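Here are a few notes to read alongside the model. Keep the 3D view open and find each residue as you go.

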Amino acid sequence: MKLETLNFDLVVVGAGPAGLTAALLASNAGLQVAVVDEQAAPGGQIFRQPPATFNAPPSSAFATYPFGKKLLEQARSNTRIHWYYSCSAWGVFHPAKGGVQLAIVEGEHARLLDCKKLLIATGAYDLPVAFPGWTLPGVMTAGGVQTLLKSQFLCAAQRYVLAGSHPLLLLLAGQLLDAGAQIQEVAIARPRPQIRELLAGWRALPGHGRMFVQLAGILLKLWRKKVPLRFSTIVTRAQGRDAVERVTLSDVDAHWAVKPNTERSVEVDGLAIGYGLLASTELARQAGCSVSWNPERGGWVVDHDDTMRTSLPHIYVAGEPAGVAGAEIAHCEGRLAGASIVAQLMPDQASQTSSAHRELKRAKPFADTVARFFAPRLDALARLADNGTLICRCEDVTAGQVCDFLKTHPHVSSVNSVKLACRSGMGPCQGRYCQHTVAQLVASERGIAITDTGTYTAQAPIKPIPLTSLALVEPD
Ligand SMILES: Cc1cc2nc3c(=O)[nH]c(=O)nc-3n(C[C@H](O)[C@H](O)[C@H](O)COP(=O)(O)OP(=O)(O)OC[C@H]3O[C@@H](n4cnc5c(N)ncnc54)[C@H](O)[C@@H]3O)c2cc1C
């Protein structure tokens with residue numbers, strides 16, 4: 001059977017701030033646009049909404065990012081765009097006739113979307129950190145805990161420790177307190193900010209007062225509830241019989257190296273880990289777009305020029321896959337990518353690229369300051385795993401197995417070789433959970449830079465899909 005194929009000027013993957021902004025701009029200019037997202041509604045991670053039947057008040061994120069409310073209203077009322085919600089994009093193909101072909105699946109139903117331009121705005125996901133006990137029930141990423149709260153008003157536990165270094169952790173602390181959860185401690189790995197650092201960060205303030213007001217509100221909430229906020233502190237172990245019951249916290253130095261004899265134990269039934277985000281680049285890498293290593297911006301990020309075009313002429317990128325930088329930059333990059341695509345496909349239209357460039361330039365200093373301030377020490381985090389710690393939870397591969405393999409195969413220096421031999425990265429998550437830990441193990445065992453360890457090859461399907469839908473695909 002031949003698959004249903006549909007034709008568009010532009011297909012956007014991701015209905016977060018970046019993808020929505022680009023799609024609406026292109027559609028308003030007269031292009032035929034389709035948007036694909038795994039979620040059931042627009043908004044991406046930041047503007048994730050509960051079901052309409054919950055009659056919930058508007059998202060608190062609209063107070064910090066007022067553009068979000070308008071964006072969602074416009075998306076909901078736009079009937080010219082083809083919206084493919086609850087659909088996963090799992091492969092990009094390059095047909096001989098030109099353009100790009102995107103394979104998507106909704107349940108068991110697969111489709112191919114032909115387009116002149118493809119915009120990859122797939123966002124980011126929580127940086128997974130492997131340490132003894134991290135696979136116990138009750139240990140979750142900050143984004144995971146927040147997703148349950150935002151989408152279902154569900155608190156996964158009652159007594160939390162929050163550990164990490166990303167601002168999302170503080171946001172989550174405020175949301176958990178509002179939801180009635182108890183927080184035993186917020187453990188931040190970086191050292192307490194120095195006055196000099198705070199003064200340097202002050203330069204990023206203009207135009208971002210709302211974020212500082214939000215931060216001050218959260219700190220006040222923590223103070224009122226007497227929640228300890230400790231810097232230079234890291235979680236080294238989670239323990240419990242069937243689920244997490246206690247966590248071990250230790251002091252760390254400025255490089256996040258654990259100081260001996262500083263361990264202490266805290267009783268919990270929930271641990272939220274938030275050391276940062278990784279750019280979601282699987283689709284772009286599977287398509288063949290080149291990537292570069294940028295540890296402050298989410299690891300491997302998609303290369304692009306100043307029009308947001310990737311190394312492939314028909315594929316653009318915007319938002320977190322181009323470098324993790326928050327919702328405001330995602331919005332600006334979406335506008336720039338949308339304007340650039342319109343300028344390419346409709347050269348007669350007045351171009352909006354210059355104003356989009358100016359907007360992006362204004363937003364950058366704040367994003368740069370935040371990235372510098374909260375950058376995770378990936379090398380130190382990888383050292384938290386001991387030999388028995390599972391690093392690939394899909395294929396049950398431990399850190400010890402990878403290290404033993406590296407010791408007995410001294411010629412191996414790439415994560416892909418480790419994947420082939422140890423199976424780490426071959427499971428349903430396609431390495432999203434283990435790639436960066438494996439890369440750090442290879443880099444430290446061989447004494448090479450992380451950039452020299454490469455990335456796992458991203459293969460279609462980049463997401464688990466039913467075999468029936470794969471059998472139907474006959475790309476041109
Ligand atoms: C779990 C989580 C929670 C966050 N919460 C906040 C917050 O509360 N406040 C804040 O300031 N920042 C938050 N962030 C940071 C957030 O990434 C940015 O602020 C902002 O949402 C980035 O916008 P974006 O458009 O680049 O990506 P996103 O908003 O992440 O949108 C990307 C969209 O692409 C979709 N997608 C990805 N891959 C595929 C695929 N293969 N097929 C189909 N759809 C796909 C996703 O479902 C998602 O809706 C969060 C990040 C994460 C990971």
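**Notes on the ligand site and the salt bridges**

1. Let's start with the shell around the ligand, which by class has 18 nonpolar, 12 polar and 6 charged residues. Please keep in mind that this is a predicted model. Of the 36 residues around the ligand, the ones that come nearest are Ala18, Asp37, Ala89, Gln146 and Glu320.

2. Where does the shell come from? At least three of its residues belong to domain 1 (5-125 + 278-373), and at least three belong to domain 2 (128-275). Several elements each supply at least two residues, among them helix H1 (17-28), strand E4 (88-93) and helix H5 (167-178).

3. Now look at the oxygen atoms of the ligand. A backbone N or O atom of Pro17 lies 3.2 Å from a ligand oxygen, and a polar backbone atom of Gln45 is 3.0 Å from a ligand oxygen. With Gln39 it is the side chain that takes part: one of its N or O atoms is 3.1 Å from an oxygen atom of the ligand. On its own, the ligand has 970 Å² of accessible area, and the protein covers 93% of this.

4. Next come the charged pairs. Side chains of opposite charge can pair when their charged atoms come close. A search of the whole structure finds 15 salt bridges. In one of them, the side chains of Lys116 and Asp9 meet at 2.9 Å, N to O. This pair links distant parts of the chain, with Lys116 in strand E6 (residues 109-120) and Asp9 in strand E1 (residues 5-13), 107 residues apart.

5. Are the two partners buried or exposed? Asp9 counts as buried because its relative accessibility is 13%, under the 20% cut-off. Lys116, at a relative accessible area of 46%, is partly exposed.

6. Another pair to find is Asp386 and Arg237, whose side chains form a salt bridge of 3.9 Å, N to O. Asp386 sits in the loop between helix H11 (378-382) and strand E20 (390-392), while Arg237 is in strand E12 (residues 233-239), 149 residues apart. Asp386 is partly exposed at 34%, and Arg237 is partly exposed at 34%.

7. Glu359 and Arg335 also form a salt bridge, their closest N and O atoms being 3.0 Å apart. Glu359 lies in helix H10 (residues 353-374) and Arg335 in helix H9, so the pair ties together parts that are 24 residues apart in sequence. Arg335 is buried at 17%, whereas Glu359 is partly exposed at 23%.

8. Finally, look for Glu185, Arg230 and Arg264, which are linked in a network of salt bridges.

Note on methods. Residues are numbered from 1 along each chain as its sequence is written. This is a predicted model: local features need pLDDT of at least 70, side-chain atom pairs count only at pLDDT 80 or more; totals for chains, interfaces and linings use all residues. Side-chain values use heavy atoms; hydrogens and water are left out. A residue is near a molecule or strand if one of its heavy atoms lies within 4 Å of it. A polar contact is a pair of N or O atoms within 3.5 Å; within protein, one must be able to donate a hydrogen and the other to accept it, and residues adjacent in sequence count only if both atoms are side-chain atoms. Accessible areas come from the Shrake-Rupley method with a 1.4 Å probe; for residues, only the protein chains shown count as cover. Helices (H or I, at least four residues) and strands (E, at least two) are DSSP runs, numbered from the N terminus. Ala, Val, Leu, Ile, Met, Phe, Trp, Tyr, Cys and Pro count as nonpolar, Asp, Glu, Lys and Arg as charged, and the others, Gly among them, as polar. Domain bounds come from an automatic or database domain assignment. A salt bridge is a side-chain nitrogen of Lys or Arg within 4 Å of a carboxyl oxygen of Asp or Glu. Buried means under 20% relative accessible area, exposed over 50%, partly exposed in between (1.4 Å probe, protein chains only).
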